[in-house]
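Q: Could you go through this structure with me, step by step? I'd like to begin with its pocket and then move on to some helix packing.

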Amino acid sequence: EIKGKAILFESGIYAVLPEDMPETLALAALDVAGAPAQVAKLVRPCESVVILGSAGKSGMLCAYEAVKRVGPTGNVIGVVRNEKEKALLERVSSKVVIADATKPIDVLNAVLAANDGKEVDVAINCVNVANTEMSTILPVRDMGIVYFFSMATSFTKAALGAEGVGKDVTMMVGNGYTKDHAAITLEELRESAVLREILISLFFKNPLFSNFYINILYV
C-alpha cells in the first residue's frame with residue numbers, strides 16, 4: 001500500500017471507492033466491471049444467455065446480472081469445466097453445464113440440451129484460454145449477440161469462423177468500460193449475499209478480511 005497522487009486527464013475514467021466494503025474487494029470487482037455492466041445493457045427479459053467461463057470472477061458477476069435481466073421467463077446457462085465449479089455456480093445461475101470451452105461441438109450440444117434444443121440469444125465469453133471463439137459463436141442464433149470479454153480472444157478466428165459457418169451475429173469486443181460500469185458492478189455485491197460469499201471464499205483467504213467484510217455489511 002502507498003500514499004500518492006495521480007493526475008487524471010479529462011477523458012480518463014475513475015470510480016469513487018465505496019465506504020461499505022473493503023477496498024480490496026471493491027477493486028477486485030472493479031477490475032472486471034465492464035463485463036457485468038455490458039450484460040445489463042445487452043440482455044433483455046425472456047432471452048436465453050450462455051456464459052463461457054462462468055465460474056470465474058467476471059463470469060459469476062455476468063451470470064448474476066444475466067439472471068436478473070432475463071427474469072423468470074428467461075434462461076441463463078453457465079458453462080464450466082468440472083463438478084466443483086458447477087456446484088459453486090449453481091448458487092448464482094439458473095442452469096449450469098460441464099463442457100470444454102475449446103471444443104465447439106461439445107459446447108454447442110450441451111447448450112442446446114439446456115435450452116430446449118434452441119440456439120441462444122446472447123453469448124458471453126469470459127474464458128481466459130485461447131481457442132474458444134467458435135464455442136461462443138456456434139450456440140447463438142442468427143442476428144444474436146456475441147460478447148467477447150476474454151483477452152485471449154483471436155478476433156481473426158472469430159470473424160473468419162463466423163463467416164465460415166454462416167453465422168450472421170453481432171460480435172462485440174469487451175473493452176473494460178461502459179457507462180455506469182462501476183455503479184452496476186458494486187451494486188451486485190450489495191444485492192447478493194451469495195455472490196459476496198462466493199467471491200470472498202474464492203479470492204480472499206484471510207478469515208479476518210472475510211469477517212470484517214461480513215460485519216460491515218450487516219451491522
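**The pocket and a helix pair**

Q: What classes of residue make up the lining of the largest pocket?
A: Keeping in mind that this is a predicted model, the lining of the largest pocket has 14 nonpolar residues, together with 10 polar and 5 charged ones.

Q: And how much space lies in the largest pocket?
A: The space in the largest pocket comes to about 710 Å³.

Q: Which residues lie nearest its centre?
A: Of the 29 residues that line the largest pocket, the ones nearest its centre are Gly53, Gly56, Cys126, Val127 and Asn128.

Q: Which elements each supply at least two residues of that lining?
A: Helix α3 (57–70), strand β2 (75–80) and helix α4 (83–89) each give at least two residues to the lining, and the largest share, 3 residues, comes from α4.

Q: Changing topic: at what angle do α1 and α8 pack?
A: Helix α1, residues 23–30, packs against helix α8, residues 181–191, at an angle of about 125°, and their axes are 9 Å apart. Because of that angle, α1 counts as oblique to α8.

Q: Is that crossing left-handed or right-handed?
A: The crossing of α1 and α8 is right-handed.

Q: Which residues meet there?
A: From α1, Leu25, Ala26, Ala29 and Leu30 meet Ala182, Thr185, Leu186 and Leu189 of α8. By class, the residues of this contact between α1 and α8 divide into 7 nonpolar and 1 polar, with no charged residue.

Note on methods. Residues are numbered from 1 along each chain as its sequence is written. This is a predicted model: local features need pLDDT of at least 70, side-chain atom pairs count only at pLDDT 80 or more; totals for chains, interfaces and linings use all residues. Side-chain values use heavy atoms; hydrogens and water are left out. On a 1 Å grid over the protein atoms alone, a cavity is a set of points where a 1.4 Å probe fits but cannot get out, and a pocket is an open set with protein on both sides within 12 Å along at least five of seven lines; lining residues have an atom within 4 Å of a point. Grid points are joined across faces, edges and corners, and a volume is the space filled by probe spheres set on the points. Helices (H or I, at least four residues) and strands (E, at least two) are DSSP runs, numbered from the N terminus. Ala, Val, Leu, Ile, Met, Phe, Trp, Tyr, Cys and Pro count as nonpolar, Asp, Glu, Lys and Arg as charged, and the others, Gly among them, as polar. Axes are lines fitted to C-alpha atoms, for helices over the stretch in contact, and angles run from 0 to 180 degrees between N-to-C directions. Angles under 35 degrees count as roughly parallel, over 145 as roughly antiparallel, 65 to 115 as roughly perpendicular and the rest as oblique. A crossing is left-handed if the near helix is turned anticlockwise from the far one by less than a right angle, and right-handed if clockwise. Contact means heavy atoms within 4.5 Å.
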